Amino acid sequence: MPPAERVARERGLALYRTMARIRAFENAAEEASKGGVAAFGANLSDAKVRGPLHLSTGQEAVAAGVCIHLQNEDLLTSTHRGHGHTLAKGASMERMMCELFGRAAGFNCGKGGSMHIADFSVGMLGANGVVAAGIPIAVGAAHALKIQSRRSIVACFFGDGAINRGPFLEGLNWAAIHALPVLFVCEDNRWSATTSTAAMTAGEGALARSRAVGVAGKAVDGNDVRAVDAAAGRLVGEIRAGKGARFLHAITYRFKGHVSVDPATYRDGEEVARALEDDPLKHAAQGLPQADLARIHREAEEEVRRAVAAASAAPWPAPKTAYADIQDTGSGRWRG
């Protein structure tokens, strides 16, 4: 096999592996959120997700195609739908499952849950339960990197609903004025909670708004991981070359409801069926050896099986830590 083909195949397999791990994790988390854990082994009756669970099933190509360009020192901010970004950035699947289960071994000692995943050791600054709230955090982090003359960049993920909120304009404007090293990634799954985004977004949309404040970018098929990889690579290269902020508009689709227990009956069945046929894993598998793909799926399923078992067996946070990690408002003690 010519070297170029070998490199392309290995990169394709790496992208597919990330996507398969994300899909396996989301499937297991969804099952656990509904109390159905029999598929993951015996004695897991207490394997349940605590709190709301927003799945990124169907959006795996965006996380994989962007994060393959990020180094450990690079930073990332996410959304309430952030499991895929977290895994793609290199965080531990087991610790994330522990956090979902409310266990002390989780990233936030079981206190944050799905919407507040963070792992600073790999540059993952946090998921966020507030729509668009990750944007000013990413811009602040990027400004800090510039002041410190560091070569790292920030990847800022947000959904299409975020472009209708104030932090979007404020964040992009600040990043443009100061030529900050941040890649804005609009993960456009076409739904804002239970409402079609098209019905509530005026004008030409995300990329047009970005360009209007001077942040250049590119639109891409967010279900085609190779296209995302190529587009993100060009934009990241420009950012690392000191050309300032860039914008990636990745159009994808959310396979599941707004939360894991939402049947999403407000969506048209034919629309959903078309989206399922356009599965990003099918795109990513094209041209790759079937034996390698089967092995990747086996490994992903085994990894998530271990994560569920570990999370189910992990201890609960000790009651005495209930008020630890709480912001001190100056009194020096907790007031009930």
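In this predicted model, helix 5 and helix 6 cross each other in a left-handed way. The contact involves Ile135, Pro136, Val139 and His143 from helix 5, and Pro167, Phe168, Gly171, Trp174 and Ala175 from helix 6. Sorted by class, the residues of this contact are 7 nonpolar, 2 polar and no charged.

How are two packed helices described? The answer is the angle between their axes, together with the distance between the axes. For helix 5 (residues 134-147) and helix 6 (residues 166-177), the angle is about 15° and the axes are 9 Å apart. Angles under 35 degrees count as roughly parallel, so helix 5 and helix 6 are roughly parallel to each other.

Now look at another pair, helix 1 and helix 2. Helix 2 covers residues 60-67, and the angle at which helix 1 packs with helix 2 is about 135°, with the axes 9 Å apart. Helix 1 is therefore oblique to helix 2. The crossing of helix 1 and helix 2 is right-handed. On the helix 1 side, the contact is made by Leu15, Thr18, Met19, Ile22 and Arg23, while helix 2 brings Glu60, Ala61, Ala63, Ala64 and Gly65. In this contact of helix 1 with helix 2, there are 6 nonpolar, 2 polar and 2 charged residues.

Here are the two pairs in a table:

| Pair | Angle | Distance between axes |
|---|---|---|
| Helix 5 and helix 6 | about 15° | 9 Å |
| Helix 1 and helix 2 | about 135° | 9 Å |

Next, find helix 11, which runs over residues 290-313. How far does helix 11 reach from its first C-alpha to its last? The span is 35 Å for 24 residues, close to the 34 Å expected at 1.5 Å a residue.

Which residues of helix 11 are buried? They are Asp292, Leu293, Ile296, Ala300, Val304, Ala307, Val308, Ala311 and Ser312. These buried residues of helix 11 pack against helix 1 (3-33), helix 4 (93-100) and helix 10 (280-285).

Finally, return to helix 6, where you will find Ile177. Is Ile177 buried or exposed? Its relative accessible area is 56%, so Ile177 is exposed.

Notes:
Residues are numbered from 1 along each chain as its sequence is written. This is a predicted model: local features need pLDDT of at least 70, side-chain atom pairs count only at pLDDT 80 or more; totals for chains, interfaces and linings use all residues. Side-chain values use heavy atoms; hydrogens and water are left out. Axes are lines fitted to C-alpha atoms, for helices over the stretch in contact, and angles run from 0 to 180 degrees between N-to-C directions. Helices (H or I, at least four residues) and strands (E, at least two) are DSSP runs, numbered from the N terminus. Angles under 35 degrees count as roughly parallel, over 145 as roughly antiparallel, 65 to 115 as roughly perpendicular and the rest as oblique. A crossing is left-handed if the near helix is turned anticlockwise from the far one by less than a right angle, and right-handed if clockwise. Contact means heavy atoms within 4.5 Å. Ala, Val, Leu, Ile, Met, Phe, Trp, Tyr, Cys and Pro count as nonpolar, Asp, Glu, Lys and Arg as charged, and the others, Gly among them, as polar. The expected span of a helix is 1.5 Å times one less than its number of residues. Buried means under 20% relative accessible area, exposed over 50%, partly exposed in between (1.4 Å probe, protein chains only).
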